[in-house]
Amino acid sequence: MNELTEAAFRQSVRQFRALMTSMPEAQRADVATMCGGPEVLDALFEERGVGIGRFAALMGLPATTVRHLLREDLLHPMRVNGKFRFLLHNVIELRGVQQWQAVGLTLEDTRAFLDAQGLLGLVAQGGTMFSVQREVPDPASLPVLKADVLARLGGAIRSLEDRHAALGQQLERARALERLVQENAFGQSGSATPPT
């Protein structure tokens, strides 16, 4: 993590803000949605910065979860005078982790995937893909990155389809049991009672 001065951090915030204003409206709307709304996005552009507690609250998470993701090297905030300061790229990292977990990847799998691609974060929101790179990727490597993402998604989809099939079987067994209970004279006279 890079240690920044207050002045350098404020400059970074202004650069992020300028980047946002140069984006097409549809992408800005996707960014605001990814953040949790325009007010959350605006908070990330405050020049004093957003600390751990406030970032967690803005993201709807306990601060312990944010600290855990920091320990797992899945969030990379800036440090200003020894304190963490979170910006938009951290939302991309966080939402990416949440997105990958939602399709069945563990934190370890997510970190390994991101490390292999030279990424800090990758998330889809609306019609836009957002990524945070460790370094600017070589354009020739982008097809390999896309193939790896598609392969991992394919594996997650197959796993989810297997779980869906298993849940469908459990649901059918539960419905069959429910029908049996409904059709029998459960607890009424004339129904079979266990011997005493």
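Leaving aside neighbours within four places in sequence, His 89 is in contact (heavy atoms within 4.5 Å) with Phe 16, His 76, Pro 77, Met 78 and Val 132. The model is a predicted one, in which local features need pLDDT of at least 70 and side-chain atom pairs count only at pLDDT 80 or more, while totals for chains, interfaces and linings use all residues. Residues are numbered from 1 along each chain as its sequence is written, and side-chain values use heavy atoms, with hydrogens and water left out.

His 89 is found in helix α6, where helices (H or I, at least four residues) and strands (E, at least two) are DSSP runs numbered from the N terminus. With a relative accessible area of 11%, His 89 is buried; here buried means under 20% relative accessible area, exposed means over 50%, and partly exposed lies in between, with a 1.4 Å probe and protein chains only. The side chain of His 89 is joined to that of Asn 90 by a polar contact of 3.3 Å. Such a contact is a pair of N or O atoms within 3.5 Å; within protein, one must be able to donate a hydrogen and the other to accept it, and residues adjacent in sequence count only if both atoms are side-chain atoms.

Asn 90 also has its place in helix α6, and at 0% relative accessibility it counts as buried. The side chain of Asn 90 reaches the backbone oxygen of His 76 at 3.2 Å. Apart from neighbours within four places in sequence, Asn 90 is in contact with Phe 55, Leu 75, His 76, Pro 77 and Arg 85. Asn 90 and Leu 120, 30 residues apart in sequence, have their C-alpha atoms 9.0 Å apart in space.

A pair of aromatic rings is described by the distance of the centres and the angle of the planes. Rings of Phe, Tyr and Trp (its six-membered ring) pair if their centres lie within 6.5 Å, and planes under 30 degrees apart count as stacked, over 60 as edge-to-face and the rest as tilted; by this rule the count comes to two aromatic pairs. Phe 55 and Phe 86 form a stacked pair, at 4.3 Å centre to centre and with 10 degrees between the planes. This pair links distant parts of the chain, 31 residues apart, with Phe 55 in helix α4 (residues 52-59) and Phe 86 in the loop between β3 (83-85) and α6 (88-102). Phe 55 counts as buried at 0% relative accessibility, and Phe 86 is buried with a relative accessible area of 0%. The rings of Phe 84 and Phe 86 have their centres 6.4 Å apart and their planes at 55 degrees, so that pair is tilted. Phe 84 counts as buried at 19% relative accessibility, and Phe 55, Phe 84 and Phe 86 form one aromatic cluster. The charged end of Arg 79 sits over the ring of Phe 84, 4.6 Å from its centre, the criterion being NZ of Lys or CZ of Arg within 6 Å of the ring centre and within 35 degrees of the ring normal.

In helix α2 (residues 25-35), the buried residues include Val 31, Ala 32 and Met 34, and just after α2, Gly 36 takes a positive phi of about 110 degrees.

The strands come next. Three of them form an open sheet in the order β1-β2-β3, with mixed pairing, where two strands pair if DSSP finds at least two bridges between them. The edge strands, β1 (3-4) and β3, each pair on one side only. β1 and β2 run parallel and are joined by two bridges, and the bridge partner of Glu 3 in β2 is Arg 79.

Two loop residues remain. Most residues other than glycine have a negative phi. Asn 81, in the loop between β2 and β3, has a positive phi near 50 degrees and counts as exposed at 54% relative accessibility.
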